[in-house]
Structure formats: C-alpha cells, structure tokens
Amino acid sequence: MRTHRAIKPLLRTIVVSALLITGGTSIAQEEYDLLRVVLNNAGTGNLDVVTARHTKATLYARMFGDFLVNIDPNDLTVQPGLATEWTVNDDATVYTFTLRQDVTFHDGTPFSAEAVKFNFDRIAEAKAGAGYAALGAARYADTTVLDEFTVQVTFHETYVQFLNQLGLRLWFDSPTAVAQHGEDYGTLVVVSTGPYKVVEWVANDHVLLERNEDYTWGPDIYKIQGLPYARQIEIRGIREFATRRAALESGQADIVMIGESDVAGLEADPRFRVELEPKAGTVRQLQFNLRRAPIDDLNVRLAIAHAIDREGLVAAPRYSGAANVAIGILGRKNMGGDFPQAVHDAQLHYDPERAAELLEASGWIMGSSGIREKDGEPLTIEMIFPSAALSEVQPIQAMLSEVGIDVDLVELQTQAWFDAEEAGNFDMTIGSNSGTGLNLMNRIYQSGGTNNWWGLSDATLDGYFDTIESALTAEERYQAAVDAQVHMLENAYAVPLVDVFYPFAMRNEVNDVFYPAFSWPSFYQVWISN
Amino acid sequence: MSQPPLESTLHSSAIQSARVRVALALIKRFLRHRSATVGVTILLILIILAVAAPAIAPFDPLKQNLRQGLAPPSAEHPLGTDEFGRDILSRILYGARISLRVGVMVVLLSGTIGVLLGMVAGYYEGRIDTIISRAVDILLAFPSLLLAIAVITILGPSLINALFAIAIAQVPRYARVTRGVTLSQKQRDYVDAARALGGSPPRIMFIHLLPNVIGPVVVLASLGVATAILTTASLSFLGLGAQPPEPEWGAMLSTGRSYMRQAWWITLFPGLAIMITVLAINLFGDGLRDVLDPKT
C-alpha cells in the first residue's frame, strides 16, 4: 500500500506533464482511415481535363492529379511540379519543360513527354471549355516531344500567363485510360497522377478518393511529398448550410464549407476552428445577356448597378459581414489585395434616384402597378440562377423592384443553369468564376472567349485583354487589368456585388488544410491529432 | 298564366318547412359538437385576419430591410423578421390569404370535376363507368404529392400551377365517393319516379341525385381544404409552389430552414400557422361528418 501511495503521485506528475507538453492531445502525424469533407455541392459534369467545367473539378484535381508547375500561395512564384525545370523564350511563345522521371499514372503507365503532348493536343482539339482557355485557346500552336522527358509547347502569339494556368487547372489524364474507356472516361473512370485515385464519382453527390500507394512525387509547396495520411477522402455535397453545420457538430464530418451566417457561431464553439480564405477569381456579380432587350440598353444596365445596395447585401444574414463589398470584376486576391483609385472611382454606387433618372431617360415610365413600362410593355427581366443562389437573388429582386424593374426569377439546377447561359436563354444571371491570374477575365468577357455567354464584343476591352496576356512586364499587365475593369464598370457589362471568402470550419483535431493560390483547398496533407 | 294547384303548393311548403327543421336540427347538433365549434371559431378568425390583412399587417410583407435580417421577436416585429428583414407577422397574415384561397380553389375545382365524373360513372355504369373508374384507379395509384410534382414538372413551378396540380391529384377522391353514392341513390324510388315522368339523365343527375349525393362530398371537401393547404405548403417548401417573394407559409418554412439554428422564429411561426389552420379545418370537417352521418 505504501509503495502504491508513493508511486501514484509520481505517475500523476508524469501523465500531467505529458498532457501539458502535448496540449492534451497526441500530435503524432499518423495514417488514418477516412477524412470526411462536406462542400456546398459536389460538382457536376465530368472530371476529364478536356470537358470538366465545374469549379469543383479543380478542387478534386489537386488530389487526383498533379500540375507541371505550382503557384506558391505565399508569394505567387512558380514552383516545380511534374516539371523540374522550364525555360521560356524572350517573347513567351516557346516553353520547354524537363519532366520528372519517376511519375506514373494510377494505371501504372509512365508519365512522359508523350503524355503531356497527348493531353495538350486533346484539349486543343476540343476548341472549347476552361481547359482550352487555360491552354491559351487559339494561341496554342503545338507540343513537341524533344525526348522522353523533355517537352516543348509553342504558341502562335505571346502567352505570358501559361505558367499560371498550368498551376491552376491543367492536370493530366492517362492516354491509355482515355483510349480504353472512350465515352466513359471522366464520368466512370478517371486516371491521373495524383496522391489519390478516384474510386467513385457521382456527380452532384459525392466523390470518394483512395490513396495512391505509389505516390512519391508531391510538389514542394506542400509539407509532405509522399503518401498522404488519410487512406480515403470522401467529399460530399450538401446544399443547405444548416445541414452542413449539423454534419460537423454531430461528428459526421471533419471539414465543412459553412455558410457565412454560421461563422460567428462556430468560432465561438471551442470544438471547432473556422478558416476564412479569400476566394481567388471574379467576384459575385450580375452578368447580362447583352443581345437581348432591354438589357442591351446601357441606361438599363447602369440603372441596375445604381439600384443595388451592396453594403446591404454584405450586412444581410446571407453574408453576415463575412465578405467584402466588391470593387472590381476580379477579387482582391487576384488584384494583390487592393485596387487602384481608378477602379474605385469607376464604381456605380447605390443611388436609386439616379437609377430612376436613367430608366426615364430610356423611356421607361413608372406604371400604376409599380413596374415601369414603355410602349405598353412592362420592364421585366428574366433572371436565371442556380438553386444555391436563391438567398442572393431575392434581395436583388426586391432592390430592382424599388426602382420599377420587375425581376422574374427562374431557379435552375446547376447543369441546366450552365446550359441556359450557354444557349443565351436569359436576361440576367448571377455568378463568379474561380481562378488565379489577371487573365481570368479573358475567357469570360473577351470576344470569342470560351465562357463569354453574354454576347459581349468590345474592341477596346479586347485590346486590354490582349495586353494582359501578351505584355512582357507585370506593370503593363496589371495596368491593362485595371483599365479593363474600369471599362467594364463604366459600361455596366457586369455589376460587381460581393467579394467573398471560402468559409471552412473543421474539428480542432484537423491540421494543415492547404489553400493554394487558387483557393479551393487541398486535403492532401491533412492529418488528424488524436 | 295558370296557377299551381293548391294541393301542390301546400305540399311543397310542407317540404320546405321540413327541410328548414332538418337544417336547424343539424346546426344545433353541430353547435353542440365542441371540437367542431372550436374549429369553426378558429377558422372564422383566420378568415377575418386574412381578409383584413392589408389593414392590420404592420408592414409590407414584401418590403426588405437587409440590415434588420433575423431580428428576434420584439415590440416592433412581434414575430421577428426573416433573413431579408421582412416582418414575419405581416407575411403570415398575407400568407393566410394565399393558403385559404388555394385551399378553397382546389376543393372547388377538384370537387366539381370529381363529382361530375363520379355521377356520370355511377349513373350510366357500363363502359363509361369502366373508363372513368380505371382512370381514377390509375390516378389513385400515385401518391398525391408525387402526382402534383409530376404535373408541376410539366407546367412549371408557380402557385397557380401548384393549385391545378393539387386539384388534379384530388379529383379521384371525389369521383370515387360520388360514384358510390350515385350507384346507391339511383336505385331509390324518387329516381324511378323522375325517370317515369320523362326527366332527362342530366336533369335527373343534377336536380334529383345531386342534392342527395352532396352530403358525403361536403365532408370530404372540408377535409380536402386542409390537404390542399398542406400539399401547397409542401410544394412551396420544395420550391415548386409559390415563388419568391410571395409570402406563402410553406415557402417561408423553406427559406427559413437554413437559419433555424440562429433564428427559431423564422420557421416556428409559419409552421404554427399551417398547423393551426389545418387543425381547425380538420376539427370542422370531423364535426360536419359526425353531424351528417345518420349513424351518429
């Protein structure tokens, strides 16, 4: 008994000391079975680099694929990836890459210069889509295999943004798998080079990733380069943010993309941690079908811009202050944190009286029903939107109603919304695009741009966009991006609304979620402290 | 102009007074039915509130005030505000107009069609009965909500289309009940007498049969209003009924569900409104059934 009494305090001291040192948790970075992630949606379409167009595809690609180069999120410098070295000629028309020699696709076939050529040529043949835009669209000339692990990409014109784009969304599909699976490739089968293999992909529902046991070529931008800790990652889409929060609180998820209105509540909960990552890309904005009346009237578009109380949108529960009023077309993250005065000056501020004047100048007179009319026709605008944007569009409908514009809301499923945009079946919509670089605007708003579904064709604007992609100095490119945004604001080609964050909440035990320059996170290096 | 014979006039006035006596007796029985009177009282209050909504609602139900979103119940907003800062009390008052109107419209539409089909099937029997009955069986095979969703998928989401969809889904109930009662009533002597006097089938159906068939239909209709209100709320909850910014109770529940954790009032009060209304109508319907059922 004596001995026991003597040992107990000693044991207690050792245990308490160990707990104090480790903060009460084990910090061993060990393998674990499953990481459960819940997003606002799981994405739609397919995961083929040629045809994938949903933004979530690029999130998954960071785990099932690799890029030739990577953008360091801290300083935006270009870092090695599947390419160990690269050279660019003086006018940025020829890029030569030296590839790693130890990389294999998930099907065991080697990654080589031939595979790079196969993928780039396949993307170029499609002549459409985000992959085509990233490859420089019509600028792309060809890819030449110099030897088994050296490849040269040539452009017809200067394309200075190529390295940025390579680090964003150009992953590599296995040529063997593409040939073998034909139409099924991208939907039933995805074979790439990344730390995880796609085991199951159910569009609009979930993706299940399983660790690639051969993976040893992780890029230096991550804390690890070899096998990931999680043997599997399940990423599920849940539309309602109350349900997503409930999934986290009930222990059914480890990491959750939450709604802005849940930020304060979860920050106050000691069990969880909230990480707000500014979204890279374009801001949430109103976009117009410029081919259709009455949207083709500049005064109508300017009136819409003046009718929107953007401070009100940010303050409302939808964003609960966890967002910023949008300044330009690009987000703060793409503009380096701040905008020059010229973009601030071009803002169309909330001014309903000015909106009314503009509409009256175009002959839209207030009718007895509170909706403006011209030649007996009401001022009605058809606004399409994806289901997830329902809480964003209702305030806009109410604000435009205040100045006599009737907004007919048409809610569509994500794929149907894409299709309606592409077919031009709308007057107005709401959206944003994810991506890095100043040239993100090009594919969306340049004449002939792959995602220019607005009928926008403006020579002045096209000139700015050309400069963004061809000027050899960063200063020139930045100024062109500023000028382009000022021009767009002055012509109300789009109306910036809100510059958002990606709000993620996670269990305190979750560590090292990685936020790339393109801000959808990567879960490759995530580990759990027990 | 010839006068009706005295005997005939005396006979019809006797029938009239007998009918009045029966009606009074039924009303007395109904008023003695405690739960039915509670239901009617609540229903009357709801109807008064709905009719007077423009006069008594403290705010415009569509007026947004984003900076006052999710404000809890207070003196200014007794039931709080929703995510867009709209006054929930005002929206519930205006929502009563929508719900009650939809309920009544659905019953009128589905009841009219259903009774007509049921009477034709029951009166003529044979091939016509077979066709109508099989069509009714097919419609009954679908859950009414699923059928309504299918109809809205074709017509497109809106309150009016939801109303039609729910009405179509409710038609079989009326048709089946009416057919059964018609089959039984047409065996009665008064129908044979009307036929012997040369009455045409439409006259026999609408002048003689209808008053004797309508009793069970009225009970069904009273309960059908509640079903229609619930189904409309369900469709609006799914985004297939009332569209923004209409203050429909189901739509209010739907938009509020994302904020249930922070703002209980945003879903509680529309939910209560639905529950109280449906309960009141069901109490009324149950009472009506008890009063009209000769067995009770």
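Biologist: Where is B:Gly95 found?
Modeller: B:Gly95 is found in helix H4 of chain B, which covers residues 88-124; helices here are DSSP runs of H or I with at least four residues, strands are runs of E with at least two, and both are numbered from the N terminus. This is a predicted model, in which local features need pLDDT of at least 70 and side-chain atom pairs count only at pLDDT 80 or more, while totals for chains, interfaces and linings use all residues. Residues are numbered from 1 along each chain as its sequence is written, chains are lettered from A and ligands numbered from 1 in the order in which they are written, and side-chain values use heavy atoms, with hydrogens and water left out.

Biologist: OK, and is B:Gly95 buried or exposed?
Modeller: B:Gly95 is buried, with a relative accessible area of 0%, where buried means under 20%, exposed means over 50% and partly exposed lies in between (1.4 Å probe, protein chains only).

Biologist: Which residues does B:Gly95 touch, not counting those up to four places away in sequence?
Modeller: B:Gly95 touches B:Pro247 and B:Trp249, a contact being heavy atoms within 4.5 Å.

Biologist: Staying in chain B, where does B:Gln243 lie?
Modeller: B:Gln243 lies in the loop between helix H9 (201-237) and helix H10 (249-256) of chain B, and B:Gln243 is buried, its relative accessible area being 18%.

Biologist: What does the side chain of B:Gln243 reach?
Modeller: The side chain of B:Gln243 reaches the backbone oxygen of B:Gly239 at 3.1 Å, and a polar atom of that side chain lies 3.0 Å from the backbone oxygen of B:Gly241. Leaving aside neighbours within four places in sequence, B:Gln243 is also in contact with B:Pro157 and B:Ser158.

Biologist: Let's move to chain A. In what order do the four strands of the open sheet come?
Modeller: The order in chain A is S4-S5-S7-S6, with antiparallel pairing, and two strands count as paired if DSSP finds at least two bridges between them. Strand S4 (83-88) and strand S6 (140-147) of chain A each have a single partner strand, so one side of each is left without a neighbour in the sheet. On average, neighbouring strands of this sheet are turned by 20 degrees against each other, direction ignored.

Biologist: And which helix packs on the sheet?
Modeller: Helix H3 of chain A (residues 113-126) packs on the sheet, touching S5, S6 and strand S7 (150-155), and its direction makes about 170 degrees with that of S6(A); the axes are lines fitted to C-alpha atoms, for helices over the stretch in contact, and angles run from 0 to 180 degrees between N-to-C directions.

Biologist: How many bridges are there between S4(A) and strand S5?
Modeller: S4(A) and strand S5 (residues 94-99) of chain A pair over five bridges in the antiparallel sense. A:Ala83 stands opposite A:Leu99 in S5(A), while A:Val88 has A:Tyr95 in S5(A) as its bridge partner. The hairpin has five residues between these strands, and in it A:Ala92 takes a positive phi near 55 degrees, although A:Ala92 is not a glycine.

Biologist: Is A:Ala92 buried or exposed?
Modeller: A:Ala92 is buried, with a relative accessible area of 5%. Phi is also positive, near 50 degrees, in A:Ala137, which is partly exposed at 24% and is found in the loop between helix H4 (130-134) and S6 of chain A.

Biologist: Last topic, what area do chain B and chain A bury between them?
Modeller: They bury about 1800 Å², 53% of it on carbon and sulfur atoms; buried area is the accessible area (1.4 Å probe) that two parts lose on being put together, summed over both. The contact takes 17 residues from chain B and 24 residues from chain A.

Biologist: How many salt bridges are there between chain B and chain A?
Modeller: There are four salt bridges between chain B and chain A, each being a side-chain nitrogen of Lys or Arg within 4 Å of a carboxyl oxygen of Asp or Glu. B:Arg257 and A:Glu240 meet through their side chains in a salt bridge at 2.6 Å, N to O.

Technical notes:
Polar contact = N/O pair within 3.5 Å; in protein donor to acceptor, adjacent residues only side chain to side chain.
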